[in-house]
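Here's a quick briefing to keep beside the structure.

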Amino acid sequence: PPSPPSPDPETKLPSSRAYFSVLDEAPLLPHKRLKKEIDLIARSMQFLRNVMGSDAKEGKSTKGAQAIPKKKVGFAGSNYNSWVGRVYRSQQSKITPEIREKLKKAAEKTARINRSKRKGKKLRLVSAQANRAWTSGNQKISRASRAPKRNKEEVAFSAAAEMKQIECLRRQLSDEENDEQMARYDDIDDAFEEASVQESEVSEILKELQTEPATDEETKAKFGLYETFLTTVEAIRKETFTFWDETKGDFEGNGRKRIDSNLKSIDGHDNMAIDFDGRKWFVHGMTVKAVSNRDKISKILKNINEKLELMGSQTECPICLDPFSAQTPTLKSILTEARLLDYEKKFAEAKFEVKALMDSVKQDNTWRAMSAKVATATAMKPGHMMRLKRSLEDAVRNSEPKQVHTLVCCHQVCMECWSHYAKVAGLNKCPLCRADDFLSIIAREADSLPEEEKDDEGAAPQQK
């Protein structure tokens with residue numbers, strides 16, 4: 001078939017009907033027709049670009065078309081630009097190479113501790129889930145044995161299903177998981193709650209185990225469940241000792257000695273001894289000891305995790321350098337942050353209240369009125385007034401606790417910064433692990449901002 005007419009900027013764009021009438025003149029195979037349609041669409045779009053470009057050169061109006069800026073000035077509007085400027089100023093004014101190196105070392109320690117927290121939570125969760133499976137297995141066996149029409153296969157099946165689950169949990173203990181896979185243990189509250197077992201449930205099972213089952217099927221099922229549970233408890237004990245050997249280097253003083261002592265008590269002679277009572281089924285005494293050891297190990301893991309939580313908590317966002325917790329600003333702290341402490345006496349004489357100053361920056365009209373009063377009372381320069389406003393905005397932002405996002409690498413950032421930074425850097429670029437990339441990205445984004453957004457005095461900072 002003849003080729004469609006080639007678009008030319010000097011001529012009108014032919015209608016789509018004219019194009020496809022050419023296609024319909026001869027039958028085409030579907031894939032060839034699709035290829036020709038794509039080619040037509042591409043040439044049509046090129047035609048439109050040519051027309052828009054020639055109109056722009058001649059100063060003509062391009063109705064319905066938006067001009068494309070040469071430089072990207074943020075993809076989220078003024079909020080994004082404001083954020084980039086604030087981060088750029090904070091990084092330029094507060095961080096020296098020495099401080100950055102100190103932060104890097106602290107971040108490495110924090111990441112190591114947070115990884116330990118994840119492993120400790122994994123061990124606790126697996127222990128709780130194994131206990132839940134053992135409890136459920138015994139309850140199902142008892143119900144099946146007491147049923148009016150006792151089914152031997154159902155008794156065996158009840159035990160086998162829970163034994164298989166416990167074995168899967170034991171294998172999970174030794175699985176090597178990377179940071180991304182371990183991140184699922186950051187929040188285990190719901191899973192831990194689901195796996196929880198009431199003391200009354202365990203007491204009822206131990207009471208039943210005092211008497212040897214009446215049938216071979218029930219005896220085999222309960223003993224098999226005990227053996228599988230015991231093997232898993234032993235695996236949890238081994239992993240707990242390995243975990244502590246990897247972690248105890250971050251502990252000091254009495255806290256470390258106490259956990260060492262608690263772990264040694266697990267292998268103590270008194271703890272390992274089993275009290276056999278000839279009047280009870282022998283499995284009862286062994287089960288009591290296995291349940292007791294699991295509970296002790298779980299408490300030790302909880303103690304380690306609680307201390308790691310305190311040790312591994314970051315206090316500020318590495319991007320904006322603002323604290324995570326809520327701060328109570330004072331006039332002195334606001335002026336110090338703005339490097340305007342020389343004006344403190346004049347502010348005190350004029351009796352400006354911190355709350356009124358902070359409320360004024362929430363809306364432009366109220367700030368205009370307040371800034372006029374401040375300028376009259378203190379004779380503050382325009383550049384200093386800009387610094388004051390920014391410091392007040394920071395004080396408002398820091399007066400509320402920040403939402404914290406934990407990255408795969410275990411470092412933490414505030415949600416506001418991450419919502420902006422992840423869009424330009426990607427989800428896998430931690431500002432601490434890849435500090436050089438972070439600084440380059442912020443410098444690149446700040447390059448497209450107006451100069452007054454980048455510097456407190458309205459001029460770009462000099463490169464040192």
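Predicted model: local features only at pLDDT ≥ 70, side-chain atom pairs only at ≥ 80, totals over all residues.

Residues are numbered from 1 along each chain as its sequence is written, and side-chain values use heavy atoms, with hydrogens and water left out.

**The second largest pocket**
- A pocket here is an open set of points on a 1 Å grid over the protein atoms alone, with protein on both sides within 12 Å along at least five of seven lines; lining residues have an atom within 4 Å of a point.
- The second largest pocket holds about 430 Å³ of space, a volume being the space filled by probe spheres set on grid points joined across faces, edges and corners.
- Its lining has 17 residues, and those nearest the centre are Asn 131, Val 197, Arg 294, Asp 295 and Ser 298.
- At least two lining residues come from each of H4 (97-146), H7 (189-195), H8 (199-209) and H12 (282-311); helices are DSSP runs (H or I, at least four residues), numbered from the N terminus.
- H12 supplies the largest share, six residues.
- By type, the lining splits into seven nonpolar, four polar and six charged residues (Ala, Val, Leu, Ile, Met, Phe, Trp, Tyr, Cys and Pro are nonpolar, Asp, Glu, Lys and Arg charged, the others, Gly among them, polar).

**The cavity**
- Searching the whole structure turns up one cavity of 30 Å³ or more (a set of points where a 1.4 Å probe fits but cannot get out).
- The largest cavity has about 40 Å³ of space, and its lining includes Trp 134, Lys 222 and Thr 287.
- H4, H9 and H12 each give two or more residues to that lining, with H9 giving the most, three.

**H9 against H10**
- The axes of H9 (residues 216-247) and H10 (residues 253-266) come within 12 Å and cross at roughly 160 degrees (axes are lines fitted to C-alpha atoms over the stretch in contact, and angles run from 0 to 180 degrees between N-to-C directions).
- That makes H9 roughly antiparallel to H10 (angles over 145 degrees).

- Asp 187 sits in the loop between H6 (179-182) and H7, and counts as exposed because its relative accessibility is 57% (exposed is over 50%, buried under 20%, with a 1.4 Å probe and protein chains only).
- Buried residues of H18 (residues 415-425) include Trp 418 and Tyr 421.
- Gly 426 follows H18 and has a positive phi, near 95 degrees.

Key: Parallel < 35°, antiparallel > 145°, perpendicular 65-115°, else oblique.
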